Amino acid sequence: MSHRWLHIVCGILVGLFFGADAAFCVGVAFEVKDVQGDRYNAQYGTRFWQWRWTCFDWVDFGLTVAGGLLGGLVRLWLFERFI
């Protein structure tokens, strides 16, 4: 079960505190964690390494980056407004 809303919220928070480029890195880290923890890869091991990255969820990655961009824009707006 995918928690897509959690990817958006985490992306917004990372973008707000650390910037949009950090949200990109967090999105990649989330998906690498999901790929490494996948049941298919755990069951078959590295014998089928060519299929290892087929479970990379591009939608979750995109939502994390989109949330990071939104958080980054809010960060820029806050810095421009109050500092």
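Q: How many helices and strands are there in the protein chain?
A: In this predicted model, the protein chain has four helices and zero strands. Read from the N terminus, its elements run α-α-α-α.

Q: What share of the residues of the protein chain counts as buried?
A: Of the 83 residues, 23% count as buried. The cut-off for that word is a relative accessible area under 20%.

Q: What share of the contacts in the protein chain with a separation of 6 or more comes from residues 24 or more positions apart?
A: Such residues account for 69% of those contacts.

Q: How do you know that the span of α1 agrees with its number of residues?
A: Set the two values side by side. At 1.5 Å a residue, the 15 residues of α1 should span 21 Å. The end C-alpha atoms of α1 are 21 Å apart, so the two agree.

Q: Which residues of α1 are buried, and what puts them on the same side of the helix?
A: The buried residues of α1 are His7, Gly11, Val14 and Gly15. They cover an arc of only 100° around the axis, and therefore lie on the same side of α1. To be called exposed, a residue needs a relative accessible area over 50%.

Q: Which helices do the buried residues of α1 pack against?
A: Their partners are α2 and α4, the latter covering residues 58-82.

Q: What is the phi of the residue that follows α1?
A: Gly19 follows α1, and its phi is positive, near 105°.

Q: At what angle do α1 and α2 pack, and how far apart are their axes?
A: Helix α1 (residues 4-18) and helix α2 (residues 20-36) pack at about 145°, with axes 7 Å apart. The crossing in which α1 passes α2 is right-handed. On the α1 side, the contact is made by His7, Cys10, Gly11, Val14, Gly15 and Phe18. On the α2 side it is made by Ala20, Asp21, Ala22, Ala23, Val26, Phe30 and Glu31. Sorted by class, this contact of α1 with α2 has eight nonpolar, three polar and two charged residues.

Q: Which way does α1 cross α4, and how far apart do their axes come?
A: The axes of α1 and α4 come within 6 Å and cross at roughly 35°, and α1 passes α4 in a right-handed crossing. From α1, the residues in the contact include Arg4, His7, Ile8, Gly11 and Ile12; from α4, they include Leu63, Thr64, Gly67, Gly68 and Gly71. By class, the contact of α1 with α4 has 10 nonpolar, eight polar and three charged residues.

Q: What is the reach of α2, and what is expected at 1.5 Å a residue?
A: α2 has 17 residues and reaches 25 Å from its first C-alpha to its last. That is close to the expected 24 Å.

Q: What puts the buried residues of α2 on the same side?
A: In α2 the buried residues are Ala23, Gly27, Glu31 and Val35. Their arc around the axis is only 120°, so they sit on the same side of α2. On the other side of α2, the exposed residues are Asp21, Lys33 and Gln36.

Q: How do you know that the span of α4 agrees with expectation?
A: The 25 residues of α4 should span 36 Å at 1.5 Å a residue; the end C-alpha atoms are 36 Å apart, so the values agree.

Q: Which residues of α4 are buried, and what do they pack against?
A: They are Asp60, Phe61, Thr64, Val65, Gly67, Gly68, Gly71 and Gly72. These buried residues of α4 pack against α1 and α2.

Q: Why is Gly68 called buried?
A: Gly68, in helix α4, has a relative accessible area of 0%. Buried means under 20%, so Gly68 is buried. Leaving aside neighbours within four places in sequence, Gly68 is in contact with Gly11, Ile12, Gly15, Ala20 and Ala23. Gly68 and Phe18 are 50 residues apart along the chain, and their C-alpha atoms are separated by 9.1 Å.

Q: Why is Gly62 called partly exposed?
A: Gly62 is also found in helix α4, with a relative accessible area of 34%. Buried means under 20% and exposed over 50%, so Gly62 falls in between and is partly exposed. Gly62 and Phe24 are 38 residues apart in sequence and 8.9 Å apart in space, C-alpha to C-alpha.

Conventions:
Residues are numbered from 1 along each chain as its sequence is written. This is a predicted model: local features need pLDDT of at least 70, side-chain atom pairs count only at pLDDT 80 or more; totals for chains, interfaces and linings use all residues. Side-chain values use heavy atoms; hydrogens and water are left out. Axes are lines fitted to C-alpha atoms, for helices over the stretch in contact, and angles run from 0 to 180 degrees between N-to-C directions. Helices (H or I, at least four residues) and strands (E, at least two) are DSSP runs, numbered from the N terminus. A crossing is left-handed if the near helix is turned anticlockwise from the far one by less than a right angle, and right-handed if clockwise. Contact means heavy atoms within 4.5 Å. Ala, Val, Leu, Ile, Met, Phe, Trp, Tyr, Cys and Pro count as nonpolar, Asp, Glu, Lys and Arg as charged, and the others, Gly among them, as polar. The expected span of a helix is 1.5 Å times one less than its number of residues. Buried means under 20% relative accessible area, exposed over 50%, partly exposed in between (1.4 Å probe, protein chains only). The arc is that of the directions from the helix axis to the C-beta atoms.
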